[in-house]
Structure formats: structure tokens, C-alpha cells
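The structure comes first, and the notes follow.

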Amino acid sequence: MDMKFFTSEDSGKAISEKNNVSVHLCAHTIEKPFSCSICNKHFSQKRYLMNHYRIHANEKSFSCDICNKQFTKKTNLNTHCRTHTSEKPYSCDICNKHFSQKSDLNRHYHTHTDEKPYSCDVCNKQFSRKYGLKLHLRTHTNEKPYSCDVCYKKFSKKSNLYVRSRTHSNEKPFSCDTCGRKFSRKDVFKAHVRIHSNEKPFSCGVCSKTFSQKRSLNAHFHIHTNEKPYSCDVCSKQFTLKAYLNTHCRTHTSEKPFACVVCNQQFSQKGSLKKHFLTHTNEKPHSCDICYKQFSKKSDLTRHYRVHTNEKPYSCDLCNKQFSRKHFLNEHLRTHTNEKPYSCDICGKKFSQKTNLTTHCRTHTNEKPFSCDVCNKQFSQKSSLKKHCLTHTNEKPYSCGICSKAFSRKYGLNLHFRTHTDEKPYSCDLCQKQFTQKNFLNVHLRTHTKEKPYLCNVCGKEFSQQSSLSRHFHTHAIEKP
């Protein structure tokens, strides 16, 4: 029997049966006569409605013969099967690139035409796909329609929900053929593969720098535009990457989602957990080419190289003093702002550096953990021990250019030099008295504040100076008949 064909006047498409003409015409009229009785969503064809009902019923009638994964639609099963066969039947007529799904090919065509027909009514941002616009609109409405059944976290994209689900099931369907490492996300897997191939397909149009990941290129591009599109709702600090914002937000929530499997110590960043884990394995994969010293972290090796190069890339905007590490610069900036974020729990004294607080606490405990190998004399600070050791060697490498007096420490030479210049850079804000050393000023200030931070742990008597406390200790050491 001959098949009779009917032709659509709108598209010229040939259709085999007359009743299918009505169904096909719905695509042009945007008519959707079939409605879901549960969520009221509309469809142009009854079979689309039937497939949709399976989502509500969680019915998954189609199963993969290889991995037994189940699907609500046969088309989804067919698409999934290509992940096993690596079949890519859809080819681009322009560049011959192949795709496993027709929808991926259609999206790819926009890269050649640069066509973006869908525009956001709020911010006028344009998109090549209607679905892309739909997802973008949720950034304005903060709509998150997809919720995880395990942890109840909500997502704006269904794909993000699938990825989240794998963190609970520990499913990692993507495996690297080179090293065998497995991944739960396809985009992370693809980025990993480029580590072996050293492929960097994403290039910056301004400086031609190349990247293995598109998000790395996007983040890099903010260097040229100085754009920081992600802002913290708590403190308004801005970031170039959403991942940086997420990490920053944990400083407000104190959330530490990454736990060490060995000691259960928790971290706010995954990178910090990886670095910590090396303390258990004692692995030091990064070695200095000059002195062969080894390091567990690449960042530590980078900082170590500055010992050889004397490089100081971090500069203070106020006094132009330079530093080899950003941490040192941040501590130095507090000398300008007079910020003292670290406070002693015993006496309330504040410090600009955490190490100074740790050292100060020993004045209360009288702890002296550093011992001289020669005379066994003990010290509360490592720096004090180093200074003391020079008394045994009698080494004085620092010499005054005016009177030739020699010193074991450069700091001692700097202080001595002020006896020639009569320089007194430290001044009291209350009485304007000036001093050659900052610690002299600190001791002097206690005459105004009546502060006595040094406590005798024998009788409880308080002193304003460490030297006074040390002299007082001798009264307890004297034997009484």
C-alpha cells in the first residue's frame, strides 16, 4: 500500500499521516492543549504529557543493559548509552566536530554564527539558547526549584542537583584512561584529561595567554576588566570567581565541610585539606633546584625561592617597604592601622601578630621551651635562644661604620647607631617623651596606664616590667632558716 504524505505549509515538512499534521502544526502555533493535572504544565503532544507524568511518578521504565541505570524516557536512555559506546553521530557541517546529542550540535552552531537571540529583560544580557536565558533569570529571582532529597540543599540547575546527588552516593562515572582516577562531574573529568595532554584550548583575546579550563579563562579576563561580579552579602567584599566568594562566605559561617580521614581535622577549603594530608604521609614532592630542599606544598617552594633571589613582590602602599610574603605585608600594614586583632585571655593585652600573642602567653605560664645545647639555659622565645647562642661563639658580624663597635645582631647595630644620630623615633602620645627603642616606649606607657602584665605565679604579685618580675623571683629562691 502506498503511503500518502501531507505537506506543512509553514515548514514544507512532509508528514506521513493526516492526524500527525495537527500535531505538527502545534509546533508553529505554539498551541499546547495537553495539561498536567498535577503541576498544570502544558504540552503540544499527548506523548510528551505521558512522558512528563513519569517524572511525578518517579517511573523509570527504561534501563541500561551495561550499567543498569534507569531512565523515564527512551530518548534519555539512548543518549546515555553513547557514554559507553563513545558514539558521536551528529557532525558540524562547518568544522566537522562531532557530538553525541543533536541538542549539543545545535548549541555548537551558535559558536559559528555568534547568534544570541534571547535577551534578559532585567540586565539585557543575551543568550544563544532559550534555556540559557531561563537559567540566567534565576540569578535575578534567586529561584532554586531543585532540592536534594538527602541534605535538602536547593539548586537553580537540575544538572547541579545531579552532581550533588553523586556526593552522597559516591558515584563517579567518569574514569581517566591514563591514570585511572574517577570523577563525579564530566566537566571536572574533561579538565583533568587536559593535564595529561597539556592541552590549553582557551585563549585570552587580550594577552593570548592560554588555559586548560574555560572558567580559568573567564577568571583571568577579570584581570583586564578589573571586574569583580560576585559580592558577599555580609561584608560586601567582591570577588572575580564564585568559588572564591563561596570560600570567603565560610569565614562568616565558620563552616568547615572538608574533614581529614586520618585525624578528622576539618577545613573550610578543599585545598587546605589536601595540603594538611601531606603532614600524615610526610610527602614532599616539590624540590628546590638550587639547594635541593624539599617541600610538601608548591606554594612553600615558591616562597623558598625568594631566599635565593631576594625577591620581594609585595609592597606597602603607605611606606613602600617590600616583603617576600603577602602574610608579612598584612602584618606590617597593622603598624600603620594600629590594628590588634589578637587578645590575651588572661590579661586582655592585644597584639597585631598571632606569634606575639603566643610569646606573650608564656609570661603568664613562665614556659621556656627553647633550651641552649651548650649551657642548657632556657628561653621563652626561639629568637632569644638564637641571640644567646652567639654569646658562646662570640660572633659579632655587624660592625658600626662610625666607631667600629661590633654586634652579634643587626638589630643591636641599628639601635647603637641612634647613639650617634640621637634619633628617637618612638614618641609617647600622652606626654610626648621620646625613646630610641619601641620596647622602652611600651614600658614607659605603663606609667600612664598603671598596667602590670607580669604576674608572679608563686605569690600573685604583679609587675609592669619583665625584669622586675625576674628580680622578684629571687626573693622566693632565697633560703630562709
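## Aromatic contacts and a helix

Phe 189 has a relative accessibility of 18%, so this residue counts as buried. The model is predicted. Phe 183 is also buried, with a relative accessible area of 7%, and Phe 174 is buried as well.

These three residues, Phe 174, Phe 183 and Phe 189, make up one aromatic cluster. The structure holds two aromatic pairs. A pair of aromatic rings is described by the distance of the centres and the angle of the planes. The values are tabulated here.

| Pair | Centre to centre | Angle between planes | Class |
|---|---|---|---|
| Phe 174 and Phe 189 | 6.0 Å | 20 degrees | stacked |
| Phe 183 and Phe 189 | 6.2 Å | 50 degrees | tilted |

For Phe 174 and Phe 189, the planes are at 20 degrees, so the pair is stacked. This pair links distant parts of the chain, 15 residues apart: Phe 174 belongs to strand β13 (residues 174-175) and Phe 189 to helix α7 (residues 186-197).

Another ring contact involves a charge. The charged end of Arg 325 sits over the ring of Phe 328, at 5.0 Å from the ring centre.

Helix α10 (residues 270-281) has twelve residues, which should span 16 Å at 1.5 Å a residue; the end C-alpha atoms are 17 Å apart, which agrees. Within α10, the buried residues include Leu 273, His 276 and Leu 278. Among the elements covering the buried residues of α10 are β19 (258-259) and β20 (266-267). Just after α10, Asn 282 adopts a positive phi of about 60 degrees.

Notes:
Residues numbered from 1 in each chain as written. Predicted model: local features only at pLDDT ≥ 70, side-chain atom pairs only at ≥ 80, totals over all residues. Heavy atoms only, no water. Phe/Tyr/Trp six-rings, centres within 6.5 Å; stacked < 30°, edge-to-face > 60°. Helix = DSSP H or I, 4+ residues; strand = E, 2+ residues; numbered from the N terminus. Buried < 20%, exposed > 50% of the residue type's maximum accessible area, 1.4 Å probe, protein only. Lys NZ or Arg CZ within 6 Å of the ring centre and 35° of its normal. Expected span 1.5 Å × (residues − 1). Contact = heavy atoms within 4.5 Å.
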